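Reader: I would like a close look at one part of this protein, namely the nonpolar core and what surrounds it. Please take me through it residue by residue.

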Amino acid sequence: MSKELKGFVACVTGGAQGLGACIVKQLAREGATVILADVLHDAGESLATELQEGGLSVIFKSLDVTSEEQWEHLVTDINNAFGRLDIVVNNAAIIVRKRLSELSIKEWNRALSVNLTGVFLSVKHCRPLLARSPSASIVNVSSTAGMIAHLDPSYTASKWAVRGFTKSASLELVGDGIRVNSVHPAMILTPLTEAGPPGHIEANRYAIPLGREATPQEITNVVYFLCSPKSSYMTGSEIVVDGGMTTAGVAHMRAQFQAQYHEKMAQEP
């Protein structure tokens, strides 16, 4: 079977675990050489070694996405090793699960630094290499928190900003032949989700019409489409992959509440 991305070079931030790891595997299986960039050194090295032993071309690079110096070094390394870069997936992110009144300025700045500034630095420094590619694509992983309000203000603000930045960057980079799109998942079953507070997963399932979280592969399928030449006429787009959550709004939860209410009333004497 032919591999669609044979000869391509890709970089995935936050690629050591969860959704990022799934994206790394998918791109590599399709023939790309993948730079797995993450601050989690041990996990990144372990995954890269495992995939290399399986015959895939994956290279781990330690990267703090908030460091401009590290981005400069990474792009230089990619240029020296391959002379090209075709795909960038900005997936690295953190969540500070605190309400506005509890949130410190340090936590606020940290969330925006990783989730938003990291994307800015990626696009800024990867742009010259991407401009050499005949099929360059940047995919920024945002969230449903970039479409509607969540109760984590720093996360919500950063993901809305990624959505807006994606659109602005798409207009500027189109002249370089670089497409820029964003993906907006609802809850995904990853270590980041599992680390949430008690009841977090169950509450999200209640709000999602499909009644469950996404698997990493379900989101990866959409990310991969945007990375591939199949999406060649798409730029500045926002793709929501949320099991119907943002479409339903309060309607789905209201319907569930009404059904439970009527059932309760029918049981009362």
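Predicted model: local features only at pLDDT ≥ 70, side-chain atom pairs only at ≥ 80, totals over all residues.

Author: Ser137 sits in strand β5, which covers residues 136-141, and it counts as buried because its relative accessibility is 0%. Setting aside neighbours within four places in sequence, Ser137 is in contact with Asp86, Ile87, Val88, Arg179, Leu226 and Cys227.

The core itself comes next. The largest nonpolar core has 35 residues, and those with the most contacts inside it are Leu27, Val58 and Val89. At least two residues of this core come from each of β1 (9-13), α1 (18-29), β2 (33-38), α2 (41-53), β3 (58-62), β4 (87-90), β5 and α8 (216-227). Another core, of 27 residues, lies apart from it, and includes Val75, Cys126, Ala169 and Leu173. In soluble globular proteins, nonpolar side chains tend to be buried together.

Leu27 shows how these elements meet: not counting residues up to four places away in sequence, Leu27 touches Leu5, Ala10, Val12, Ala32, Val34, Ile87, Val89, Tyr224 and Cys227. By contrast, Glu102 is 39 Å from Ala10, C-alpha to C-alpha, and 92 residues from it in sequence.

Methods: Residues numbered from 1 in each chain as written. Heavy atoms only, no water. Helix = DSSP H or I, 4+ residues; strand = E, 2+ residues; numbered from the N terminus. Buried < 20%, exposed > 50% of the residue type's maximum accessible area, 1.4 Å probe, protein only. Contact = heavy atoms within 4.5 Å. Core = buried A, V, L, I, M, F, W, Y, C linked by side-chain atoms within 4.5 Å.
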